[in-house]
Amino acid sequence: MKVGTMEKIVGATALTAVVVCGGSYWVGSQVEQEFRESVDWVSRQGVMVSVVDYQRGVFGATARTDVVFEASSDEDASNTESITVPVVHSIRHGPLSALAAAARIHSEVQLAQLTEDSIAQLNEIFDGDLFFPVLDTVVGWAGGLRLQLALPKADKFHFWKKRDNGEVRGIELENVHASVDVSMKDGLLSTGMVTFDADRIIVKGEVNETIESPSLTFLLENIDIQIIDDPWQAIADILGEQEKKTQEKTATSWLQRKPAFTIKEAHARWPEGMVAGSFRVAHAGDANPDTDTPLGNISGDLQMVLPRALAIRHMSLQVSEDIADTLEGGEENEVNIEKETKEQVDKQMAGLLKDGIFVEKGDTLSVDAHLLNGELNLNGEKRPVGILLELIPPFF
């Protein structure tokens, strides 16, 4: 081999190394900038989080952020104590370490660095056993982001809440699995998917109930996240007493993206039997909030199948509560609440079946509804759009 040829090979190899390392380091600087800007954005949402350390190398980096929670005393709400939760982020970037992506970030809470007292206080803040998800972020070369969030494997989660009337309600979830997968770019959340399933959910309170094998998938599409840089202000603009032009601008920014929300493959087993269903609502028309026919711009689908006995039981619980609330002292002995409840529930169910809200098939009830271009097809028949209000069953 000629010396000249060898020199060219060595030179080309050296040039390639310089380009790769230099490009990776440049990507690393961009990743660090985006990382710090993301932390600033989260901080503006009311979460106390800050970058404590960021060590950047040629092909990767390690960062630490601190998330601060405020715990107040039951005796004195003004007496608060700060609890700092450290999060370590392992970052790979550049063409050699990431290949298909500009960067990959693995973020995990360092529970081992928390004291037992801090963990106990955090359990009180979150009304249950403490758990933190693991987050993996993929940064695309074109600037897009993909977020994957998963709960750590755990056999049980407990949540307890004391109601105003003193009743303690608890929810226990056994063998829970949950994950979040989000893709976004240029302020647009193009797709977001949340999956959840568990072996069972046990509700404890005045009435105990066990729900077996709950599972669902929740989807978000085309959500403009730039508008929620200040989410509380966005909500105030839409729902509050703001100027009409501000409300229209906020609503239009959301609607012009044609957002959609979907619950699919939802099912669970109650003692009375299996419940299954799906739901989707999307904005499919003009983004002008002044339209005379706002429902004409919305498409929707709802399918649900459930045991009739379950519907009757939940309706009965609600009706019985309502009757008891209307009775004054001493009247409880004069009114047969059980009989009155049955009569009202039988009447409600008969009305729902007569109006075609539900279709009865043996021991089950079903709903099949479709909204498109301002027209509602309910269980195979065209119905007034206003009947949609009755599609929110009274037993929920």
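Val-42 lies in helix α1, which spans residues 3–44, where helices (H or I, at least four residues) and strands (E, at least two) are DSSP runs numbered from the N terminus. The model is a predicted one, in which local features need pLDDT of at least 70 and side-chain atom pairs count only at pLDDT 80 or more, while totals for chains, interfaces and linings use all residues. Residues are numbered from 1 along each chain as its sequence is written, and side-chain values use heavy atoms, with hydrogens and water left out.

With a relative accessible area of 30%, Val-42 is partly exposed; buried means under 20% relative accessible area, exposed means over 50%, and partly exposed lies in between (1.4 Å probe, protein chains only). Together with Trp-41 and Val-47, Val-42 makes a nonpolar surface patch of about 210 Å². Patches are made of residues with over 30% relative accessible area and no salt bridge, with like charges joined within 9 Å and nonpolar side chains (Val, Leu, Ile, Met, Phe, Trp, Tyr) within 5 Å. Accessible areas come from the Shrake-Rupley method with a 1.4 Å probe, and for residues only the protein chains shown count as cover.

The chain as a whole contains six helices and 18 strands. Of its 396 residues, 31% count as buried, and the chain exposes about 23,900 Å², of which carbon and sulfur atoms supply 56%.

In soluble globular proteins, nonpolar side chains tend to be buried together. A nonpolar core is a set of buried Ala, Val, Leu, Ile, Met, Phe, Trp, Tyr and Cys residues joined through side-chain atoms within 4.5 Å. The largest nonpolar core has 32 residues, and the members that touch the most others are Leu-306, Phe-358, Val-367, Leu-376 and Leu-378. Two or more residues are given to this core by each of several elements, including β8 (168–185), β14 (298–307), α5 (308–326) and α6 (337–354), and the largest share, five residues, comes from α5. A second, separate core has 20 residues, among them Val-49, Ala-63, Val-67 and Phe-69.

Helix α5 has 19 residues and reaches 27 Å from its first C-alpha to its last, close to the 27 Å expected at 1.5 Å a residue, the expected span being 1.5 Å times one less than the number of residues. The buried residues of α5 are Leu-310, Ala-311, Met-315, Ser-316, Val-319 and Ile-323, and what covers them includes β12, β13 (273–283), β14, α6 and β16.

Strand β13 is also the place of Met-274, a residue that is partly exposed at a relative accessible area of 34%. Leaving aside its neighbours within four places in sequence, Met-274 is in contact with His-267, Ala-268, Arg-269, Val-305, Leu-306 and Pro-307. Met-274 and Ser-213 are 61 residues apart in sequence and 9.7 Å apart in space, C-alpha to C-alpha. Ser-213, found in strand β11 (residues 209–224), has a positive phi of about 50° although it is not a glycine, and it counts as partly exposed at 42% relative accessibility. Asn-175, in strand β8, likewise has a positive phi, near 50°, in a residue other than glycine, and its relative accessible area of 22% makes Asn-175 partly exposed.

Side chains of opposite charge can pair when their charged atoms come close. A salt bridge is a side-chain nitrogen of Lys or Arg within 4 Å of a carboxyl oxygen of Asp or Glu, and by this rule the count comes to twelve. Glu-32, Arg-36 and Arg-56 are linked in a network of salt bridges. Arg-36 is partly exposed at 34%, whereas Glu-32, at 14% relative accessibility, counts as buried. Glu-32 also meets Arg-56 at 2.8 Å, N to O; Glu-32 lies in helix α1 and Arg-56 in strand β1 (residues 48–56), so the pair ties together parts that are 24 residues apart in sequence. A further salt bridge joins the side chains of Arg-313 and Glu-272 (2.4 Å, N to O), linking distant parts of the chain, with Arg-313 in helix α5 and Glu-272 in the loop between β12 and β13, 41 residues apart.

Note on methods:
Contact means heavy atoms within 4.5 Å.
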